[in-house]
Amino acid sequence: LHEAIDRVEQHIQDCLAGGTEYTSILHGKGTGALQQGIREHLSGRTEISEVRFARPEEGGTGKTVVVFRF
């Protein structure tokens, strides 16, 4: 989980620096531990306006969509 959060954090920083409107994080479904840890990590960020699961045809609960606040 710690390695995944480090990678997600770097990705989020890259997106913010590049002015990206939104991104997605593919974490899979598995046991849910990775999904939960990543979503908890993102939940307190003021730069993020929305964290949600992808639509079913886009990956559903195996993928988290992150929308940035600009």
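Over how many bridges do β2 and β3 pair, and in which sense? Select both strands: β2 and β3 pair over 5 bridges, in the antiparallel sense. Strands here are DSSP runs of E with at least two residues, helices are runs of H or I with at least four, and both are numbered from the N terminus. Two strands pair if DSSP finds at least two bridges between them.

This is a predicted model, in which local features need pLDDT of at least 70 and side-chain atom pairs count only at pLDDT 80 or more, while totals for chains, interfaces and linings use all residues. Residues are numbered from 1 along each chain as its sequence is written, and side-chain values use heavy atoms, with hydrogens and water left out.

**The sheet**

The 3 strands form an open sheet in the order β1-β3-β2, with antiparallel pairing. β1 and β2 are at the edges with a single partner strand each, so one side of each has no neighbour in the sheet. From one strand to the next, the twist averages 20°. β1 and β3 also pair in the antiparallel sense, over 5 bridges. To see a bridge, pick Tyr22, whose partner in β3 is Val67. Then compare the faces of β1: Thr23 and Ile25 belong to the covered face, and Tyr22, Ser24 and Leu26 to the uncovered one.

**The helices**

Next, select α2 (33-43). α2 lies across β1, β2 and β3 and runs at about 165° to β2. Such angles run from 0 to 180 degrees between N-to-C directions, with axes fitted as lines to C-alpha atoms, for helices over the stretch in contact. Within α2, Gln35, Gly37, Ile38 and Leu42 are buried. Buried means under 20% relative accessible area, exposed means over 50%, and partly exposed is in between (1.4 Å probe, protein chains only). The buried residues of α2 pack against α1, β1, β2 and β3.

In helix α1, go to Gln13. Gln13 is partly exposed, at a relative accessible area of 36%. Its side chain is joined to that of Glu9 by a polar contact of 2.9 Å. A polar contact is a pair of N or O atoms within 3.5 Å; within protein, one must be able to donate a hydrogen and the other to accept it, and residues adjacent in sequence count only if both atoms are side-chain atoms.

Now select Phe53, which stands opposite Thr64 in β3. Over the ring of Phe53 sits the charged end of Arg39, 3.9 Å from the ring centre. A charge counts as over a ring if NZ of Lys or CZ of Arg is within 6 Å of the ring centre and within 35 degrees of the ring normal.

His27 comes next, in the loop between β1 (22-26) and α2. Is His27 buried or exposed? His27 counts as buried because its relative accessibility is 10%. The side chains of His27 and Thr64 make a polar contact of 2.7 Å. Contacts in general are heavy atoms within 4.5 Å. Leaving aside neighbours within four places in sequence, His27 is in contact with several residues, including Leu34, Ile38, Phe53 and Thr61.

End at Thr61, in the loop between β2 (48-53) and β3 (63-68). Thr61 is partly exposed, with a relative accessible area of 36%. Not counting residues up to four places away in sequence, Thr61 touches His27, Gly28, Lys29, Gln35 and Phe53. For a distance to check in the viewer, take Glu21: its C-alpha atom and that of Thr61 are separated by 21 Å, and the two residues are 40 residues apart along the chain.
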